[in-house]
Amino acid sequence: MQDEYRTVARAGVHEIEINRSRFLCALAPAATEREAQEFVAAVRKEHADATHNCWAYVIGADASVQKASDDGEPGGTAGVPMLQMLLRREMRYVVAVVTRYYGGVKLGAGGLIRAYGGAVGEALDVLGTLTRRRFRLATVTVDHQRAGKVENDLRSTGREVRDVRYGEAVTIEIGLPDSEVDAFRGWLADVTAGTAGFELGGEAYGDA
């Protein structure tokens, strides 16, 4: 698995105009290929009157799924440059749809490639990107007396506290980089006088 990947910070739309053609780039995070396809379908429905709705998406931290469509533009002038822009920016788990409303001036193959790739690049700049890092999920079990201090210490040191549950004891779910697991065990033993339980779980990605 990849230790980290970049994705778009939020869903949104950015518009540019080139030779009277409007290019609206809709970007969104997508956890699965199905989510990406549903986003494409929703944008196509919203802009059913557009000249073209070209799209590209990259799914998987290792970019294992890469697909693109020119939606009627000359082959290789729309979807591929959009996909190339996503890959050049090292974007993952992301879908882009560029909707074109034709303005009456032909752009030529080179112009189209620049327009579609550029629309994605500008949208990424405007919406922003974030890095997500691979974590080990871990569960800390601590008595009620110490729970408040442990939780505060975790948050103040920037740990990712994913869930807190109160029962006979307090269970705190956190995310930890693999490299910090041993050091964290030692810290937890120190602050709880060895009374806390610690259990490692599976892996997940969280904001870096």
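This section describes the domain layout, the surroundings of one leucine and the aromatic pairs of a predicted model.

The protein chain is assigned two domains, domain 1 covering residues 4-128 and domain 2 covering residues 132-207. Between the C-alpha centres of domain 1 and domain 2 the distance is 40 Å.

Residue L154 belongs to helix α4, which spans residues 144-156. L154 is classed as buried because its relative accessibility is 0%, the cut-off for this class being under 20%. Apart from neighbours within four places in sequence, the contacts of L154 are R159, V161, I172, I174, F184 and W187. The C-alpha atom of L154 lies 39 Å from that of C25, a residue 129 positions away along the chain.

A pair of aromatic rings is described by the distance of the centres and the angle of the planes. In this model 5 aromatic pairs were counted. One of them, formed by W55 and Y57, is stacked, with 5.4 Å from centre to centre and 10° between the planes. W55 and Y57 are both buried. Another pair, F184 with F198, is tilted, with a centre-to-centre distance of 5.5 Å and an angle of 45° between the planes. This pair connects distant parts of the chain, as F184 sits in helix α5 (residues 181-191) and F198 in strand β10 (residues 197-207), 14 residues apart. F184 has a relative accessible area of 2% and is therefore buried. For F198 the value is 19%, so F198 is also buried, given the cut-off of under 20%. Ring pairs join F184, W187 and F198 in a cluster.

Notes
Residues numbered from 1 in each chain as written. Predicted model: local features only at pLDDT ≥ 70, side-chain atom pairs only at ≥ 80, totals over all residues. Heavy atoms only, no water. Domains from an automatic or database assignment. Helix = DSSP H or I, 4+ residues; strand = E, 2+ residues; numbered from the N terminus. Buried < 20%, exposed > 50% of the residue type's maximum accessible area, 1.4 Å probe, protein only. Contact = heavy atoms within 4.5 Å. Phe/Tyr/Trp six-rings, centres within 6.5 Å; stacked < 30°, edge-to-face > 60°.
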